[in-house]
Amino acid sequence: MTPGTGTMKIRAHHLLCVLGFYGLGYNKEFVKKMRQVTRRLKTKPALPIEVLNSCDEICAVCPHQKNNRCKKGEYSYKRVKETDQKVLSALEIKNGDVFSGSEILRLIRKKIGSFPELVKICGMCGWRETCTYYILLRKKWHKTRRA
Ligand code: SF4
Ligand code: SF4
């Protein structure tokens with residue numbers, strides 16, 4: 001697909017965070033934006049999504065974003081870019097590629113649909129114990145190990 005005016009730009013690792021969003025965030029504006037993006041992604045299967053390795057509309061309202069860079073911590077700019085790159089590599093896509101919402105969700109569930117795959121990307125993310133995608137995949141993984 002080619003990007004158009006209605007294209008939603010989203011940084012790669014945020015695609016996963018959106019799947020695990022449970023209503024928490026850095027402030028009210030951030031939560032409102034996450035809710036909006038989550039709803040669009042989940043309810044508009046034909047919506048064009050451009051996958052980025054840089055700041056998106058979620059970062060735009062984040063209190064940690066300064067001059068279009070993630071400044072959450074000293075090394076955040078580099079670290080979040082690396083996380084985005086891990087997602088791009090796992091999905092076998094490139095920065096700037098465009099998919100429909102349903103295509104990108106299908107791809108994520110196929111390529112990053114297990115806990116070991118997700119852990120390689122999320123590492124020690126501080127939100128993991130409130131992230132429903134992380135918790136769900138971990139629960140499934142524990143079940144298969146007990147079976
Ligand atoms: S654990 Fe963190 S980085 Fe991973 S999907 Fe959840 S919120 Fe995003
Ligand atoms: S600026 Fe950093 S902490 Fe804020 S949403 Fe973007 S990547 Fe996440």
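Modeller: Let us start at the end of one helix. Just after H4, Glu92 takes a positive phi of about 60°. Keep in mind that this is a predicted model.

Now the helix itself. H4 has 16 residues. From first C-alpha to last, H4 reaches 22 Å. That is close to the 22 Å expected at 1.5 Å a residue.

Which residues of H4 are buried? They are Val80, Thr83, Asp84 and Val87. Seen down the axis of H4, these buried residues fall within an arc of 95°, so they line one face of the helix. What covers them includes strand E1 (8–11) and H1. Strand E4 (69–70) and helix H6 (115–122) are also among the elements that cover the buried residues of H4.

H4 also takes part in a ligand shell. The residues around ligand 2 are Ile58, Cys59, Cys62, His64, Gln65, Cys70, Lys72, Ser76 and Val80. Two elements give two or more residues to this shell: helix H3 (57–60) and helix H4 (76–91). By class, the shell around ligand 2 has five nonpolar residues, three polar and one charged.

Around ligand 1 lie His13, Leu16, Cys17, Gly20, Cys122, Cys125, Trp127, Arg128, Cys131, Tyr133 and Tyr134. Helix H1 (12–19) and helix H7 (132–146) are the elements that give two or more residues to that shell. The largest share, three residues, comes from H1. The shell around ligand 1 divides into eight nonpolar, two polar and one charged.

Last, the setting. The protein chain has seven helices and five strands. From the N terminus on, they run β-α-α-β-α-β-β-α-β-α-α-α. The radius of gyration is 15 Å, close to the 15 Å that the globule rule gives for 147 residues, so the chain is as compact as a globular protein of that length. Its C-alpha atoms fill a box of roughly 50 × 35 × 25 Å along the principal axes. Of the 147 residues, 27% count as buried. Among contacts with a separation of 6 or more, 72% join residues 24 or more positions apart.

How values were computed
Residues are numbered from 1 along each chain as its sequence is written. Chains are lettered from A and ligands numbered from 1 in the order in which they are written. This is a predicted model: local features need pLDDT of at least 70, side-chain atom pairs count only at pLDDT 80 or more; totals for chains, interfaces and linings use all residues. A residue is near a molecule or strand if its C-beta atom, placed from the backbone, lies within 6 Å of it. Helices (H or I, at least four residues) and strands (E, at least two) are DSSP runs, numbered from the N terminus. Ala, Val, Leu, Ile, Met, Phe, Trp, Tyr, Cys and Pro count as nonpolar, Asp, Glu, Lys and Arg as charged, and the others, Gly among them, as polar. The expected span of a helix is 1.5 Å times one less than its number of residues. A residue is buried if 20 or more other C-beta atoms lie within 10 Å of its own, exposed if 12 or fewer, and partly exposed in between; C-beta atoms are placed from the backbone. The arc is that of the directions from the helix axis to the C-beta atoms. Two residues are in contact if their C-beta atoms, placed from the backbone, lie within 7 Å. The radius of gyration is taken over C-alpha atoms; the globule rule is 2.2 Å times the number of residues to the power 0.38.
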